[in-house]
Amino acid sequence: MEAINDVHVSEPGLIVVDVAAADDETAFAFHTALAARWATTSVERTTHEPGQPGVRLRCYLDMRQPLNPPGRPDNPW
């Protein structure tokens, strides 16, 4: 994976999320769960390193938005 750029974590609330999962379906499901709660970058593919198990996915998350925006349940989890 590429190095983390300083701008991706330049302020409190900005997060780089590296996911290791058994398969694409699991990695994308996790990303979907994050995106339902916080602003995240979109992801279109996972990566796989030959000789290593599973797949990897990286996304960037912004926790500075409200956790419960208007119209959302108080505790969706």
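The lining of the largest cavity divides into 1 nonpolar, 3 polar and 2 charged residues. In that sorting, Ala, Val, Leu, Ile, Met, Phe, Trp, Tyr, Cys and Pro count as nonpolar, Asp, Glu, Lys and Arg as charged, and the others, Gly among them, as polar. The lining residues themselves are H48, E49, Q52, P53, G54 and R56.

What you're looking at is a predicted model, where local features need pLDDT of at least 70 and side-chain atom pairs count only at pLDDT 80 or more, while totals for chains, interfaces and linings use all residues. Residues are numbered from 1 along each chain as its sequence is written, and side-chain values use heavy atoms, with hydrogens and water left out.

Back to that cavity: how big is its volume? It comes to about 30 Å³, and the count is 1 cavity of 30 Å³ or more. A cavity here is a set of points, on a 1 Å grid over the protein atoms alone, where a 1.4 Å probe fits but cannot get out; lining residues have an atom within 4 Å of a point. Grid points are joined across faces, edges and corners, and the volume is the space filled by probe spheres set on the points.

Now for the strands (DSSP runs of E, at least two residues, numbered from the N terminus). Strands pair if DSSP finds at least two bridges between them. Strands β1 and β3 run antiparallel and are joined by 8 bridges; there, V19 has L57 of β3 as its bridge partner. Strand β2 (residues 39-40) also runs antiparallel to β3, with 2 bridges joining them, and A39 stands opposite D62 in β3.

Next come the salt bridges, each a side-chain nitrogen of Lys or Arg within 4 Å of a carboxyl oxygen of Asp or Glu. A search of the whole structure finds 2 of them:

| Salt bridge | N to O distance |
|---|---|
| D18 and R58 | 2.6 Å |
| D62 and R64 | 2.8 Å |

R58 has 17%, so it counts as buried. D18, at 44% relative accessibility, is partly exposed. R64 is partly exposed too, at 44% relative accessibility.

Definitions and conventions:
Buried means under 20% relative accessible area, exposed over 50%, partly exposed in between (1.4 Å probe, protein chains only). On a 1 Å grid over the protein atoms alone, a cavity is a set of points where a 1.4 Å probe fits but cannot get out, and a pocket is an open set with protein on both sides within 12 Å along at least five of seven lines; lining residues have an atom within 4 Å of a point. Helices (H or I, at least four residues) and strands (E, at least two) are DSSP runs, numbered from the N terminus.
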